[in-house]
Amino acid sequence: MAEESNSRVSTPEEAVARIAYLASDVIVSVQPSLASDSEFSTHLKRFAGRKDASLVAITSDAVPEILSVRHNTDPLLSVFSPIRSGRLVSVTTTSSTLLPSIAHLYTLANLPVVLHVALSPRNSPDYSAITSIRNSGWTFLQSQSLQEAQDIALTAHALAIRSGKGVIHFFDPASASRSTPIVAEDPAVVREILNLDNVRRFQSAPISGSTIYVSDGRVPVVADQPERLTNRANGAPSTEAEVASLNGTSHLSSKSSQISGTSSPSSVSVATTIEPAAPAITSEDIYKYATSTWATLNELVGRQYKAFEWTGSAKAENAVFVFGADATLFTEAIASAQSGDAFAGAGVITARLYRPWLGATLIETIPKSVKKVAVLEQVLRKTTRWGPLLIDVLTSVKSGPGGIETIVGNQLGYVTKTTVRQTLKAVFENLVSEKPVQNLEVGEKEQPQQTPEYGLEKPKLETAYIKILDQLFGDRVYIANSLDADNAGISNTISASPEYGFGALLARKERRQKFVGEIKETAGSGQFLTEAPKRALAQWVANADDVKKAEEAADNAISKLDIDHSSTSMGLLENKQFFRKQSLWLVGSDAWAYDLGNSGVHHVLASGENVNMLIIDSTPYSERAAADANRRKKDIGLYAMNFGNAYVASTAVYSSYTQVLQAMAEADKFNGPSIVLAYLPYFGEHDSPLTVLQETKQAVDIGYWPLYRWNPDNENKGKPNFSLDSERIKKELKEFLDRDNQLTQMMRKEPVYGPVLSEDFGTEIRAQQKRKAKDAYNQLLEGLFGAPLTILYASDNGNATSVAKRLGTRGRARGLKTTVMAMEDYPVEDLPIEENIVFVTSTAGQGEFPQNGKPLWDAIKDSTELDLASVNFAVMSLGDSHYWPRKEDKIYYNKPGKDLDRVLSNFGAKRLCDVGLGDDQDPDGYQTGYNEWEPKLWEALGVANVDGLPDEPPPITNEDIKLASNYLRGTIVEGLNDTSTGAISAEDSQLTKFHGTYMQDDRDIRDERKAQGLEPAYSFMIRCRLPGGVSTPKQWIQMDDISNELGNETMKLTTRQTFQFHGIVKAKLKPAMQAINRALMTTIAACGDVNRNVMCSPLPSQSKYHREVYACSQKISDHLLPSTTAYHEIWLTDDNDKKTLIAGDAVQDFEPLYGPTYLPRKFKISIGIPPHNDVDVYAHDIGLIAIKGEDGHLAGFNLLAGGGMGATHNNKKTYPQVGRMLGFVKTAEVHIACEKVMLVQRDFGDRKNRKHARLKYTIDDMGVDVFRSRVEDLWGQKFEATKPFHFDSNIDTFGWTKDETGLNHFTFFIENGRIEDTPEFQMKTGLREIAKVLKGEFRLSPNQHLIVSNVKDGDLPELKSLMAKYKLDNIQFSGLRLSSSACVAFPTCGLAMAESERYLPVLISKLESCLEENGLRQDSIVMRMTGCPNGCARPWLAEIAFVGKAFGAYNMYLGGGYHGQRLNKLYRSSIKEEEILEIMKPMLKRYALEREEGEHFGDWTIRAGIIKATTEGRDFHEGVAEEESDEE
Ligand code: SF4
């Protein structure tokens, strides 16, 4: 163990944890919850954290495994698997887990497990936890001080290893803690005591058998090994013969029947050496091993231990046998007794070895002079008349003349230093009296305030579901076993139990029933002072069982009683909560799943009562296998559905919020037991919501945690009982439903589930798929001649795939039998039989294999037995030598390829040629290196010089796809109709962009689905076209409906002022498009190589002026819309008769503006209204700056052209650019001017290289003046001179504004534009409620926020109250947060390299305390983040920007202009959170100190010399703060 010698140990738990750590392979650490540590686990984790070595562990790093298990999830189940596999297991726990584990204790008794048990409750422990399991066959050792805890813990391990039997070491932690710190045991001593030979013998012989419920008949036997020789300083016997002779003394004749510690009969083992089979371990063996261990310990450290300890005079006549906390209190009190004290001169006996109970040894221990013994047992839950220890002593000791005359049992209460004398006095006066009373209760009954036991802390995360109950039922909800409820006089442990809760619910129901009866009686009586209550009460009684009607009638009845003032009224009002029909809930955890037959779940179901249970399961999906390996966690949902009479729902708040609401509401309505299972997976209390979200998604998606609702009432209505709310279900559930015919019924109703349900969770189809693919290739090859060549690729951006495919074609042309496949589809077992194999891989993340190469790479590198001696191989690797500019990161360059090359060669494979290194930085990119490598490969394969090679077809480009698409049709319709996949073809997915939709896949669950053999979770993003971001309230509600019914229940307000939906599966794509169309919106040209949504400053302060400018944005948008009728044809036609819903039948398409190939790249237009540059007017292909005329009306626009954000990391030929001024154009002409700019780009833009195709490059290549004149030529007019304007910010102004017409506007803070409900913040519901009453309009801001506009004064109160109700009026955020913006990135964006929307808020939270400290909380600093350099959130114009480089790593940029006028510049590459914070904190501090009046952060970073200013895009890469290291 890596610690200084003489280190000190302060608590018994620390001492015990350390010994357990040194002496185990696996430690099962029982904890209150996974989030809170136990007194043991803090130390265990500390040791493991610093990688201390165990003395016995067989792993190479020698660090034992620590398995944290919640106390209420059957912790001992976790012992079976490791102990059977020959690993030494110990458990650290409190005594509260022992009784519930009793069945396991019997089975584990014959395995060398050590249980270290801290007795509970702390401060006044109950020893009945020990006495009640004393006959379970274990060895029990007790320690009483800190030093003893360490020594006896060690003894326990030695004894378990030596005897092969389970040992329980128990101690009272509070009294042992009172000792002064001790020296930690020397590891050499520990090693000597443990005897490593014995350890290895156990570890090398795994135990067969798998069942944990039936004893497997294993009985530990005396091993054939010599006992250690000792000098027997403590007189302990050291040979079996001596033990036998000791046991043969007269005292023992009748004791063997009392040896309750072992299941095998006691035997005299001395003679067994001549028997062929080793004898079973006996009590005597245990005693022998224990005393021998103590003898060695005594030799090594000089401390002595015995099975029983006697303290006091050797001539004592009276004695106490203490079995309870702190025996030293008694010894000290007796030692300091005065002669008159009844207990003076008495002795104290304690048991060190409690089981097996060795009566003879006890007799040996007690001096012959002792005549009377008082037995003190601290057993709080007494179940038998006589205390268990009393019975032990009585049966061991022969009372009568010459021996002990009197033995008296006492029930010991709580004793302290101040009360111990009094207690002893009572004990001894009774003992010496003529007729002593048995079972005398001594000590105080009252115990000190208990710290709560395990499991009473409700993890904060779990409150999510409770909040939803509150949200749904408000005052009506009654949670019977809620932890914070005040259940007078009942301990938390009890009141939180399901049994108590159920009882409480029934009592609650009865009380209401009684109340209803009471009202019935009083309603007709004359006990009221007024008449009104009678009628109101009668009306209420008639509706008492109807939730809604009772609620309505209740208010009336209560108000009438309120004014009646009679004593009867007062009396009834005392119980007014019963006027409402409550929603009764019992909340529990998955701990109830382990023993369903006995749990509260069973009681509730069996009762048939109308109560609801909410059961929260928190086992993370990724740990389910570990957690469930040998455990019996049962499926509560199946159990309840099998019961037949219950409503059952399986929900997950982080998967579908609305489904939780629906399930809870249905459960409440159901007249009978309801069980709502709720998933909330977390590893620790402080997990970020992102972890919880990702775990949930995986579990739901794969079918491990399906979302469903089961309502037995449906049957009567002719509907299926079962409704599936997610896509995939697990096998067991499917079997159940099949049996019941439910699945067929449901699929008939919802055929969309058919294909996915055939791939339920748990079917192993992956291997079969691989095999099939391989076989198909083999068949194909049979007809070919020539040498075989297998080409495997791993690719994340498609380059490696195309290189591999092209190589395959070329190989085939050279007569080789070529196979090309993804690495992930290749079975590793086939590798040794390959003749020639080539790998083409690109480089992902920090030098990692792309996703589709990882599994095979892992299998290869982890293999120990691959023999590749007959395999020839070559590797081509694609990478970017500048991607990681720092010297220390150079190793990442082409790392996967280099690694693979080395490892294959290590396995004996022969290199065909050196690894090829393609570098994006080379003149022709990776092709440069590839062109050198390929000829070498053909050379090595002997096919370099082949004549008559056919011409290769050129690669298909986006331009080809557009051209061949027949005006954007492609095969989209066919793709949509193909139900065998959730995807559409690669070509079609380029085309759907023009229709406003992208195919994406959920990257959170990509790996898991791959592992399960499923295709990625494809879904579609739909982006609406909404010029200027103006939406009516009705449209808002329609959008909200679409997101709920067809999408993933959220909406994104984008940086281009429009609605974006995610998670729309293919089958719902067309319905979603039609719904958008019904809302009088469209999605055409929202993406793609066309003019996209035209933006316009929302300008809440000047509504009239806004109207004029906004009208221009609509005009430009309409003017530049593509003309193809494909959009209507594909999305808006009826499936049956092909009837066009909106437009007439398709005519011959013609695109007057675009032509058949549209634009070379996307095209964006925005309009800024000074002084607000919220649209970032410099960042678009066309930026229009609205100019007000002298008459106060819009006069026209200054037109900027050639701004753009997208760039590629490390590619200096790409850069962000700001728009260049072309001049002024009048309002009436603006759409034409825009058109002409677009047309010049159409004709002159680069259609060969998409990375160079944006307008910014066209203008830079052409020069601004030439470009302007081309536009003017086409237009036939000239730009006028630029008009003066002034911008002062590019962020939003939050809160209320009044415009020039007196109308009101409120800007909400919507963090990163995400509209969603969470249990904490029902923003989406709130906005919907607002939309229902709003008479004005919504405006989406370019910073992804939202404005309610045009609100009349008279409508303000209603609106304000709704805003307050839903907490939507909160704008009290830091200036940094209010000025922040992030793109979507993970999980849906396919280009994302790092998190953005889900991470920026977290990063800001980490910076806020620093802002606070430096007085910057209110200061606006524009900070933006994107997941990749595509730059959707316009990061290059922010004062601080983070652009994703790899997962968790960002490039940092500084120096952008505050109102979006200046680009920023690279400050640091590839930094992670820790470095970001290290950089940001001192920088913010400096800014606070050094800034000049009104100086913005971006300007200051330049003045302070931290970064150089970027004057325009072409010097974006010049003078960056971090120069690249040139060294290789
Ligand atoms: S910036 Fe990149 S990661 Fe973010 S949404 Fe745009 S393309 Fe995706």
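Biologist: How much of the chain is buried?
Modeller: Of its 1528 residues, 58% are buried. Buried means under 20% relative accessible area, with a 1.4 Å probe and protein chains only; exposed means over 50%, and partly exposed is in between. This is a predicted model, where local features need pLDDT of at least 70, side-chain atom pairs count only at pLDDT 80 or more, and totals for chains, interfaces and linings use all residues. Residues are numbered from 1 along each chain as its sequence is written, and side-chain values use heavy atoms, leaving out hydrogens and water.

Biologist: How many helices and strands?
Modeller: The chain has 51 helices and 48 strands. Both are DSSP runs numbered from the N terminus: helices are H or I with at least four residues, strands are E with at least two.

Biologist: Let's take Ile466. Buried or exposed?
Modeller: Ile466 is buried, with a relative accessible area of 14%. It lies in helix H16, residues 463-473.

Biologist: What is Ile466 in contact with, leaving aside neighbours within four places in sequence?
Modeller: Ile479, Val587 and Leu614. Contact means heavy atoms within 4.5 Å. Val587 is 121 residues away along the chain, yet the C-alpha atoms of Ile466 and Val587 are separated by 8.7 Å.

Biologist: New topic: helix H27. Which residues are buried there?
Modeller: H27 covers residues 731-739, and Leu733, Lys734, Phe736 and Leu737 are buried. Seen down the axis, they fall within an arc of 160 degrees, so they line one face of the helix. The arc is taken from the directions from the helix axis to the C-beta atoms.

Biologist: Why would residues three or four places apart point the same way?
Modeller: Because an α-helix has 3.6 residues a turn.

Biologist: And what follows H27?
Modeller: Asn741, with a positive phi near 65 degrees.

Biologist: Now H50. What span should it have?
Modeller: Its 18 residues, 1473-1490, should span 26 Å at 1.5 Å a residue; the end C-alpha atoms are 25 Å apart, which agrees. The expected span is 1.5 Å times one less than the number of residues.

Biologist: What covers the buried residues of H50?
Modeller: The cover includes helices H49 and H51, plus strands E46, E47 and E48. Among the buried residues are Ile1476, Met1480 and Tyr1487.

Biologist: Last one: what classes of residue are around the ligand?
Modeller: Eight nonpolar, four polar and no charged residues. The residues there include Cys1383, Val1384, Thr1426 and Asn1430.

Conventions. A residue is near a molecule or strand if one of its heavy atoms lies within 4 Å of it. Ala, Val, Leu, Ile, Met, Phe, Trp, Tyr, Cys and Pro count as nonpolar, Asp, Glu, Lys and Arg as charged, and the others, Gly among them, as polar.
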